[in-house]
Amino acid sequence: MSEYLYGANTAEEVINGGRRRIFRVMAARGQGKGAAAADLARRKGIRVEFVDNRVLEKYAPGANHQGIVLEVEPLRHYSVPDALALEKDPKRFLWAGVDGVTDPMNLGAILRSAACFGVSSVLLPERRTVGITPAVQKTSFGALEKLNIVPVGNLNSTIIDLKERGVWVYGLDMEGEPLDKVDYAFPGLILVGSEGEGLHLKTKEHCDRLISIPQLGGVESLNASAAAAVSSFISFVFLI
């Protein structure tokens, strides 16, 4: 079983990541953006095929593949206990979760921000949230090679379970406390809702604290990915 990923940055991260098997790399003939990734793959002994663009378009229809497509084994998913067992310090880690994020570009950006600021695992509801599509993986710039993805059937039940395990839960909400005024406790979980509705009501009820991002200049709100980046950074500062 395999899946196809595309994009120069994603290709380089997957090739360097070593977390999953790469069956082959298909690269455009000539010097496209994917040429460096193709060279990297060859140096690592990975099979590289040089093909016409129409072949790449077959595996990445309508996408900006940047001249490179990888055939790889599917991304590994983790259960909550498995992800917790991977934490080096069970009392000091940062997770993230999404609630109703249906735009692949936003989810990819959220994952990229999460990986940048020390988040180790991400809760991904199986309903009302976009899955890990090739577009999400390209937008994440390879962040999925650094994150543990934890699919959950019921987000709220998972939140309750984590709270019973000592995890503090912080939800991003326009009516929450300014995030720079919050005294964070760890281990922690940051929850990000959709742009239109934010967190669902039941999800907010299970949060220990609701936090907001103070804004100036007449901008009504940040989108979900930008909000996730800011909140993850603030929490990361407290974590270190």
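**The whole chain**

Begin with the entire protein displayed as a cartoon. This is a predicted model, and the average pLDDT of the protein is 86, with 88% of the residues scoring at least 70. The secondary structure amounts to nine helices and ten strands. Of the 240 residues, 51% count as buried. Among contacts between residues at least 6 apart in sequence, 79% join residues at least 24 apart.

**Arg20 and Glu3**

Which residue meets Arg20 in a salt bridge? Select Glu3: the two side chains pair at 2.8 Å, N to O. Arg20 is buried, its relative accessible area being 7%.

Glu13 is partly exposed, at a relative accessible area of 28%.

Select Arg24 and Glu71, whose side chains meet in a salt bridge of 2.7 Å, N to O. Arg24 is in strand E2 and Glu71 in strand E4 (residues 68–72), so this pair ties together parts 47 residues apart in sequence. Are these two residues buried or exposed? Both Arg24 and Glu71 are buried. For Glu71 the relative accessibility is 15%, and because buried means under 20%, Glu71 falls in that class.

Now extend the selection to Arg47 and Glu49. Together with Arg24 and Glu71, these residues are linked in a network of salt bridges. In the whole structure, a search finds 14 salt bridges. Side chains of opposite charge can pair when their charged atoms come close.

Keep Glu71 in view and display its surroundings. Beyond its neighbours within four places in sequence, Glu71 contacts Ser2, Glu3, Tyr4, Ile22, Phe23 and Arg24. A distance drawn between the C-alpha atoms of Glu71 and Phe23 reads 5.5 Å, although these residues are 48 apart along the chain.

**Asn53**

Continue to helix H3 (residues 53–59), where Asn53 is located. Asn53 is partly exposed, with 42% relative accessibility. Which residues does Asn53 contact beyond its neighbours within four places in sequence? They are Ala28 and His65. The C-alpha atoms of Asn53 and Ala27 are separated by 8.5 Å, and the two residues lie 26 apart along the chain.

**Backbone features**

- Gln66, in the loop between H3 and E4, has a positive phi near 60 degrees and is a residue other than glycine.
- Arg128, in the loop between strand E6 (121–125) and H6, has a positive phi of about 60 degrees, although it is not a glycine. Arg128 is exposed, with a relative accessible area of 53%.
- Phe186 and Pro187 are joined by a cis peptide bond, with omega about 5 degrees. Pro187 lies in the loop between strand E8 (168–178) and strand E9 (188–193).

**The second largest pocket**

The lining divides into four nonpolar, two polar and four charged residues.

Finally, colour the chain by pLDDT and select residues 216–222. Here pLDDT stays under 50, and the model has eight contacts beyond four places in sequence for this stretch. Residues 236–240 also stay under 50, with twelve contacts beyond four places in sequence. Where pLDDT is low, the predicted coordinates should not be read in detail.

Methods:
Residues numbered from 1 in each chain as written. Predicted model: local features only at pLDDT ≥ 70, side-chain atom pairs only at ≥ 80, totals over all residues. Heavy atoms only, no water. Nonpolar A, V, L, I, M, F, W, Y, C, P; charged D, E, K, R; others polar. Salt bridge = Lys/Arg side-chain N within 4 Å of Asp/Glu carboxyl O. Buried < 20%, exposed > 50% of the residue type's maximum accessible area, 1.4 Å probe, protein only. Helix = DSSP H or I, 4+ residues; strand = E, 2+ residues; numbered from the N terminus. pLDDT = per-residue confidence, 0-100. Contact = heavy atoms within 4.5 Å.
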